[in-house]
Amino acid sequence: MAVLFLFTVLSVLDRNLLTLLVGPIKADLGLSDVQLSLLYGLAFAIFYAVMGLPSGWMIDRFQRRVVIFWGVVVWSFATLMTGFAQSYSTLFGARAVVGAGEAVLVPGSHSIIGDLFPREKMAMPMSVSALGIKVGQGLALLIGGALTTLFVPDKLYMLPFLGELRGWHLIFIVVGAPGMLMAFLIFLIPEPKRRIQPTFHAASKAAGYDVYLKFVRQHLRFYISHHLGILLYGMTALSVITWAPAYLGRVHDWEESRIGLWLGTALLMGTCAGMPLHGFLADRFFQRGVTDIHLRYTAISAIIGWPIGIAAFMVGNPYLAVMLIGLLFFVISTYGGLSIVAVQAIVPSDLRGKASSIMLLIIGMGGTILGPLVVALITDYGFKDAKQVGSAILICVAIGLPLTAAVLSRALAPMRGMIADAKARDAATTAAA
C-alpha cells in the first residue's frame with residue numbers, strides 16, 4: 001500500500017504541476033485560458049482514457065508489477081521532456097504521453113488491492129490509495145511553489161549542453177527525473193494471487209472486454225447512474241483544483257510561492273484528514289449491513305460540500321477562501337475512493353482491471369476534459385474577463401454538486417442487489433473449493 005500510494009502521489013504531482021504554472025506558461029507561449037484547459041484536460045485525458053483499455057487488458061493478463069513499472073518510467077520521462085517544450089504543440093504532445101503512461105496505475109492498483117483485501121475491508125485501503133491523488137495535488141502546489149523560489153518561472157537560465165531554458169522548464173525537469181528511478185520500487189511488492197470466481201463465466205483467465213460488457217448490460221441502471229454521477233463529481237472537483245491557483249493569482253494578486261504554500265497545505269490537510277476517515281466509516285457501515293454505503297456516503301458528501309464550495313468563491317478574504325477550499329475537499333474527497341470500491345466490490349476478480357479501465361475512459365476523460373474546459377469557456381466567452389475565473393468556478397460548483405447527489409441516488413437500490421449477488425458467488429466458490 002505504501003508503494004502504490006507513493007506512485008499515485010508521483011503521478012498526480014507530475015500531472016498537476018501545470019496548474020500552478022499557468023501564469024508564466026501562458027505569458028511565455030501566448031496562450032488563452034481555453035488552450036491551457038486543453039493542456040490540462042484534453043491532451044492528458046484522451047490518451048489517459050484510451051490507453052486505459054489496453055492497460056486494463058494487460059493488468060488482467062500479465063504480471064501487474066511489470067506493467068506498472070513501465071507506466072511509471074513512461075510518464076516520468078514525459079514529464080522530464082515537458083521541461084524542454086518550446087511551443088504549444090510540443091507541450092501538448094508531452095502532456096499526452098504523461099497521460100498514456102499514467103493509464104496503467106489505476107487499473108493496476110485497483111486489481112492488486114482487490115486481491116489483497118476482502119470486500120468488507122476494501123474501502124479503507126482503497127481510500128488510502130486514492131488519498132495519493134489528493135496528496136499529489138497538494139504537493140504539486142507545495143513543491144512547485146518551493147521550486148519557484150529556486151527557479152523564477154519566467155526567468156531565462158543558461159545551462160551547459162541544454163542552452164536557454166525558462167524557470168518553469170527547469171521545474172518540470174527537476175520533478176520528472178527522479179520518477180524513472182522510483183519505478184523500481186514496484187518490485188518491493190509481491191505479486192498477489194488472483195482470486196478468480198469461476199462461477200460467473202467459463203475460462204475465467206481468458207475473460208475479455210466482451211465478458212465485462214455483458215456483466216455491465218446485466219446491471220445497466222447501476223452503471224449509468226454510478227458512472228454519470230462520478231463523472232459530474234470529478235468534473236466539479238477538477239474545476240476547483242485546476243483554476244483555484246489562477247483565481248488566487250488573478251483576483252488576490254498572490255505570487256506562485258504563496259499560492260503553493262497556502263493552497264497546497266489546505267488541500268493536503270483536508271484530504272489527508274478526510275479520505276482515511278471516510279474509508280474507515282464506510283467499512284464500519286458496510287460491516288453492519290449498509291451495503292450501498294459507498295455511494296450513499298458519496299452522495300451525502302456532495303450535498304454537505306455544496307454550501308462550502310459556494311462560500312469559498314464568494315468571500316473577500318483569500319486566506320478564508322483557502323481554508324474553505326481545504327474544508328470542501330475534506331468533505332468531498334469521498335468520490336476518489338468510495339466510488340471505486342462500489343465497482344470493485346461487485347465485479348469478479350478477473351474483470352477488475354477492465355472495470356477500472358472503462359471507468360478511466362468514461363469518467364477520467366469526461367471529468368478531466370470538462371472540468372477545466374467549462375471554467376475556461378465561461379471565463380473567456382461568458383464573462384470575457386480573466387478576473388472572473390472565481391465566478392466561473394462558483395457556477396460549476398453550484399450546479400455540479402447537487403446534480404451529482406441526485407444522479408448517484410439512482411444507483412443505491414441496484415447496488416444493494418449486486419452486493420447480494422456477489423456474496424452469493426463468493427459462497428458458491430468457497431463451497432466448490
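The legends below describe close-up views of a predicted model. Residues are numbered from 1 along each chain as its sequence is written, and side-chain values use heavy atoms, with hydrogens and water left out. Local features need pLDDT of at least 70 and side-chain atom pairs count only at pLDDT 80 or more, while totals for chains, interfaces and linings use all residues.

View 1. Cys 272 is partly exposed, at 35% relative accessible area. Cys 396, at 10%, is buried. Buried means under 20% relative accessible area, exposed over 50%, and partly exposed in between (1.4 Å probe, protein chains only).

**View 2. The largest nonpolar core.** A nonpolar core is a set of buried Ala, Val, Leu, Ile, Met, Phe, Trp, Tyr and Cys residues joined through side-chain atoms within 4.5 Å. This core has 118 residues, and those touching the most other members are Ile 25, Tyr 212, Phe 222, Tyr 223, Ile 325, Phe 329 and Ile 393. Helix 12 (residues 220-252) contributes the most, 13 residues; helices (H or I, at least four residues) are DSSP runs numbered from the N terminus. A second, separate core of 6 residues includes Val 9, Ala 130, Leu 131 and Val 135.

**View 3. Contacts of Tyr 212.** Leaving out residues up to four places away in sequence, Tyr 212 touches Tyr 223, Val 343, Val 347, Leu 351, Lys 354, Ala 355 and Ile 358. Contact means heavy atoms within 4.5 Å.

**View 4. The second largest cavity.** On a 1 Å grid over the protein atoms alone, a cavity is a set of points where a 1.4 Å probe fits but cannot get out; lining residues have an atom within 4 Å of a point. Helix 3 supplies the largest share, 3 residues.

**View 5. The second largest pocket.** A pocket is an open set of points with protein on both sides within 12 Å along at least five of seven lines. This one has a volume of about 150 Å³. Helix 12 gives the largest share of the lining, 4 residues. Among the lining residues are Lys 26, Arg 250, Trp 254 and Glu 256.

Notes: Helices (H or I, at least four residues) and strands (E, at least two) are DSSP runs, numbered from the N terminus. Grid points are joined across faces, edges and corners, and a volume is the space filled by probe spheres set on the points.
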